[in-house]
Amino acid sequence: MAIWIYSVLFVKDKSKTAVGPKPVINDGNLDLVLTAIHKDYVFYVMQEIRLIINCNLFQAKRIIKNMPFRLLSGIDNDSAQEIKKRLERWGCSVNITDKEY
């Protein structure tokens, strides 16, 4: 009987633990890091980078060659998620990190 009660308590305690990454709460203190690009969409990613950070083609090409690269810093969560979707549409891998890491 004691073993059965112990296993029930163990399952109950295990279900209370949080699994997964911590949710991002702070706004205006996030970094957007470009980590990988699909090789077939390099030109389209360069065009998207030019629109996002307002740079020329040479600078966008340099960003792609020097990955991982911090595209934006100090942005809020909504803007970071929107830009992440725009880049992931072209096969990019983008990380949103906390600036105070």
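Analyst: Start with leucine 32. Beyond its neighbours within four places in sequence, leucine 32 is in contact (heavy atoms within 4.5 Å) with Phe69, Arg70, Leu71, Leu72, Ile75, Ala80, Ile83, Val94, Asn95 and Ile96. The model is predicted: local features need pLDDT of at least 70, side-chain atom pairs 80 or more, while totals for chains, interfaces and linings use all residues. Numbering runs from 1 along each chain, and side-chain values use heavy atoms, without hydrogens or water.

Leu32 belongs to the largest nonpolar core, which has 20 residues. Such a core joins buried (under 20% relative accessible area) Ala, Val, Leu, Ile, Met, Phe, Trp, Tyr and Cys through side-chain atoms within 4.5 Å. Leu32, Leu34, Ile49, Leu71, Leu87 and Cys92 touch the most other members. Strands S1 (30-36), S2 (69-75) and S3 (93-98) and helices H2, H3 and H4 (77-88) each give two or more residues. H2 gives the largest share, four residues. Helices (H or I, at least four residues) and strands (E, at least two) are DSSP runs, numbered from the N terminus.

Now follow H2 (residues 42-53) to H3 (residues 57-65). Their axes, lines fitted to C-alpha atoms over the stretch in contact, come within 9 Å and cross at roughly 115°. The two helices are therefore roughly perpendicular (65 to 115 degrees). From H2, the contact uses residues including Val45, Met46 and Ile49; from H3, Leu57, Ala60 and Ile64 are among them.

Asparagine 54 sits in the loop between H2 and H3. Asparagine 54 has a positive phi of about 60°, though not a glycine. Proline 68 lies in the loop between H3 and S2. The peptide bond from methionine 67 to proline 68 is cis, with omega near 0°.

Definitions and conventions
Axes fitted to C-alpha atoms, helices over the stretch in contact; angles between N-to-C directions. Parallel < 35°, antiparallel > 145°, perpendicular 65-115°, else oblique. Buried < 20%, exposed > 50% of the residue type's maximum accessible area, 1.4 Å probe, protein only.
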